[in-house]
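Subject: The structure, and what turned up in it

Hello,

Here is the structure I promised to pass on. Have a look at it first, and then read on for a short tour.

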Amino acid sequence: MDISVIGLGKLGSPMAAIMASKGHRVIGVDYNETFVADLKAGRAPVEEPDLQDLIHQAQGNLDATTRYDDAIARSTATFIIVPTPSVENGEFTNDYVIQTLEAIGQALRNKTEDHLVVVTSTVMPGSSSQTLIPVLEQASGRRIGEGLGYCYSPEFIALGSVVHDLLNPDFILMGESDPAAGDWLESIYKSVCDNDPPIARMALVNAELTKISVNAYVTMKISFANMLADVCDRLPGANVDEVTAGLGLDRRIGRHYLKGAMAFGGPCFPRDNRAFGVVADRIGARADLPRSSDLLNQYQSQRMNDIVGRLAPSGCTVAVLGLSYKPHTYVIEESASLRLIEDLHGNGHKVMAHDPMALDNAREALGDQAEYTADIADALAEASVVILATPWPQYRDIDPSLLAGKKVIDCWRMLDDSEYAGHCELHHLGAGILA
Ligand SMILES: NC(=O)c1ccc[n+]([C@@H]2O[C@H](COP(=O)([O-])OP(=O)(O)OC[C@H]3O[C@@H](n4cnc5c(N)ncnc54)[C@H](O)[C@@H]3O)[C@@H](O)[C@H]2O)c1
């Protein structure tokens, strides 16, 4: 099939490359000329595991342009994956999606063939019917359902595993303007996924609500586990991993995302959760659960600072290992480590910050609130307290002698007592640190 993908960022580039690697002829569109030039030259515009290999595999099927008319003329289905930034009250803005739909609509005026438009960007519930479809209809001069199909189909991916997650989704979420549009999109997914995921097809507004509900529910589980970790840190003899292992065996609960550790962050969880609250407020419904998840999440940094305060005096050097919001990405958006460093700095600690990928981004965000190093030994040298904040795999293999004499807070239970406890004062989070 001939497919265009509008927006070649963290999600759009992998989507374009995957579809092309599966044999579709794909043309990507971005107004970032560097991204377009990169893709045309066979280079990955963004850093993401396996993306470069896919782009090599896709050569011949993958092109890019800054011109909408060119891309729409050369495709019959268009995926939109441009930003929908949150504004202060927590709502997502549709401005970029609207600009995109206007440009697609204009380009469609020069075509008579059937066309499918798929919005993948996360939008507020109600956006498609109330705003986005009317914009597309007006710009194109066509009616949805009459040779023009519209779907809302967001992806559930985590940065650092985008390619894997797109190829092996737990399920496909599809809101459809009409069954023909849904059938068309389903056939594309079936040609792309490596697994055979269930496909949830539904009305547009339900898909919009499902997308933010998934993330609001997952954040609730994470906050619940973090709340348990806090309790277990204060309850003599308690251990959060034993509690969550038991809880997770109940099929009504399940074990995924039930690890008491650091606050959730990143470009989706916090903002989707807040958006749920905005939607509920607007229509007079209550959203106490996402609000509580958010409040507990904000408390996590204070909790870590209380622990550091108990273990070491103000003014001591603290090494924070891991700055990105999760491993395998340079993204620091709403990362728990950044908030933690700000609070540690505010409490008079000197902070040594280490990360395999996110050092430059963190330096830009935090400035002189920390010192930054790519060398773990350097980060640890002066530190009396070490916090393993992001579970990068390489932290499992830290040379135990580098931790000698230090107080180590292992937030993700990465270090084995048998190997490390003889060298340092090893504290596993959620296992009685404050008891
Ligand atoms: N990154 C994630 O983890 C993730 C996960 C799920 C959903 N999403 C959603 O996907 C959407 C995109 O996210 P992202 O992380 O890929 O964003 P991004 O900022 O990495 O990439 C967006 C790209 O769109 C381009 N762009 C913006 N306006 C454009 C326009 N009018 N025409 C052409 N190109 C345009 C930008 O230049 C940029 O390259 C957002 O709605 C986000 O909420 C992201």
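In which helix is Asp272 found? The answer is helix H11, residues 269–282. Before going further, a word on the source: this is a predicted model, in which local features need pLDDT of at least 70 and side-chain atom pairs count only at pLDDT 80 or more, while totals for chains, interfaces and linings use all residues. Residues are numbered from 1 along each chain as its sequence is written, and side-chain values use heavy atoms, with hydrogens and water left out. Helices (H or I, at least four residues) and strands (E, at least two) are DSSP runs, numbered from the N terminus.

Back to Asp272: its relative accessible area is 0%, so it is buried. Here buried means under 20% relative accessible area, exposed means over 50%, and partly exposed is in between (1.4 Å probe, protein chains only). Setting aside neighbours within four places in sequence, Asp272 is in contact with Phe92, Thr122, Lys211, Ile212 and Asn215; contact means heavy atoms within 4.5 Å.

Now the overall layout. The domain assignment gives domain 1 (2–202) and domain 2 (219–428), with bounds that come from an automatic or database assignment. Their C-alpha centres are 34 Å apart, and 17 residues of domain 1 are in contact with 16 residues of domain 2.

The ligand is surrounded by 26 residues, the closest being Lys10, Asp30, Tyr68, Thr84 and Arg271 (a residue is near a molecule if one of its heavy atoms lies within 4 Å of it). The shell divides into 14 nonpolar, eight polar and four charged residues. In that count, Ala, Val, Leu, Ile, Met, Phe, Trp, Tyr, Cys and Pro are nonpolar, Asp, Glu, Lys and Arg are charged, and the others, Gly among them, are polar. Helix H5 (residues 95–108) gives the most to this shell, with three residues.

A polar side-chain atom of Lys10 lies 2.9 Å from an oxygen atom of the ligand. In the side chain of Tyr68, an N or O atom is 2.6 Å from a nitrogen atom of the ligand. The protein covers 90% of the 830 Å² of accessible area that the ligand has on its own, as computed by the Shrake-Rupley method with a 1.4 Å probe.

Two more places are worth a visit. Helix H1 (residues 12–21) has nine of its 10 residues buried, so it is largely enclosed by the rest of the structure. Just after H1, Gly23 takes a positive phi of about 105°.

Finally, look at Asp2, which lies in strand E1 (residues 2–6). Asp2 is partly exposed, with a relative accessible area of 23%. Its side chain makes a polar contact of 2.6 Å with the side chain of Arg25. A polar contact is a pair of N or O atoms within 3.5 Å; within protein, one must be able to donate a hydrogen and the other to accept it, and residues adjacent in sequence count only if both atoms are side-chain atoms.

Enjoy exploring!

Best wishes
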